[in-house]
Amino acid sequence: MLNIIRASLLSFVDFTEEELFTIIARLRPMKVARYQHFLKEGEVCHDMAIVTAGAFRTYNNNQDNDAEYTSDFIFEGNWIGDYTSYITGQPGYNNVEALEESEVYMLSRKDQLELYQTFRKFETLGRLIAERLFVELIQRKRDFILKSAEERYLDLIKMRPDIFNRVPQKYIASYLGIQPPSLSRIRAKIR
């Protein structure tokens with residue numbers, strides 16, 4: 001657990017051992033059962049959390065056609081939550097569901113703001129995470145506009161092969177913006 005948190009934090013910023021200790025001391029552990037929600041649409045996200053074990057998906061509901069749209073998969077070493085809700089204090093639109101028995105370490109908004117005041121490097125961490133989220137969002141939007149479902153599937157195989165062993169096919173299809181039978185056809189064609 002500690003190694004995953006340390007590696008994640010150090011992948012962004014070169015923290016000292018003292019700084020790491022202070023940050024990690026603010027984190028609160030939480031177990032999340034398979035298919036339990038860390039966060040549901042309409043709730044205010046009071047905590048962002050780093051995943052130390054397990055897998056999650058972020059998805060949105062479309063009430064018009066009773067469908068779910070998976071927007072991301074999150075594994076060990078990455079953060080979960082609804083960043084917009086976390087920052088604004090307003091109810092969020094994202095659902096964050098565990099796909100496996102999972103463990104996270106949570107950081108409250110209050111603790112985040114106090115760490116910003118304590119360590120300039122922690123403020124840098126927050127900025128770098130926000131920049132990464134922004135770039136990923138723009139890339140995903142661009143891919144949906146410019147690439148076919150097959151191209152998005154091939155990109156997923158190349159960039160995130162771990163997903164296929166840990167995530168049900170119906171969620172992968174949803175992430176790619178297609179129905180499960182279409183994913184089966186793409187997979188059969190590529191084989």
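**Exercise 1.** Work out which elements each supply at least two residues of the lining of the second largest pocket, and how the lining divides by class.

*Solution.* Strand S5 (67–74) and helix H8 (169–176) are the elements that each supply at least two residues of this lining, where helices (H or I, at least four residues) and strands (E, at least two) are DSSP runs numbered from the N terminus. The model is predicted, so that local features need pLDDT of at least 70 and side-chain atom pairs count only at pLDDT 80 or more, whereas totals for chains, interfaces and linings use all residues. Residues are numbered from 1 along each chain as its sequence is written, and side-chain values use heavy atoms, with hydrogens and water left out. By class, the lining has six nonpolar, five polar and three charged residues, with Ala, Val, Leu, Ile, Met, Phe, Trp, Tyr, Cys and Pro counted as nonpolar, Asp, Glu, Lys and Arg as charged, and the others, Gly among them, as polar.

**Exercise 2.** Find the element that gives the most to the lining of the largest pocket, and divide that lining by class.

*Solution.* Helix H5 (120–146) gives the most, with 13 residues. The lining as a whole divides into 18 nonpolar, 11 polar and 12 charged residues.

**Exercise 3.** Decide which residues of helix H2 are buried and which are exposed.

*Solution.* In H2 (residues 17–25), Glu 19, Leu 20, Ile 23 and Ile 24 are buried, that is, under 20% relative accessible area, with exposed being over 50% and partly exposed in between (1.4 Å probe, protein chains only). On the other side of H2, Glu 17, Glu 18, Phe 21 and Ala 25 are exposed.

Notes: Contact = heavy atoms within 4.5 Å.
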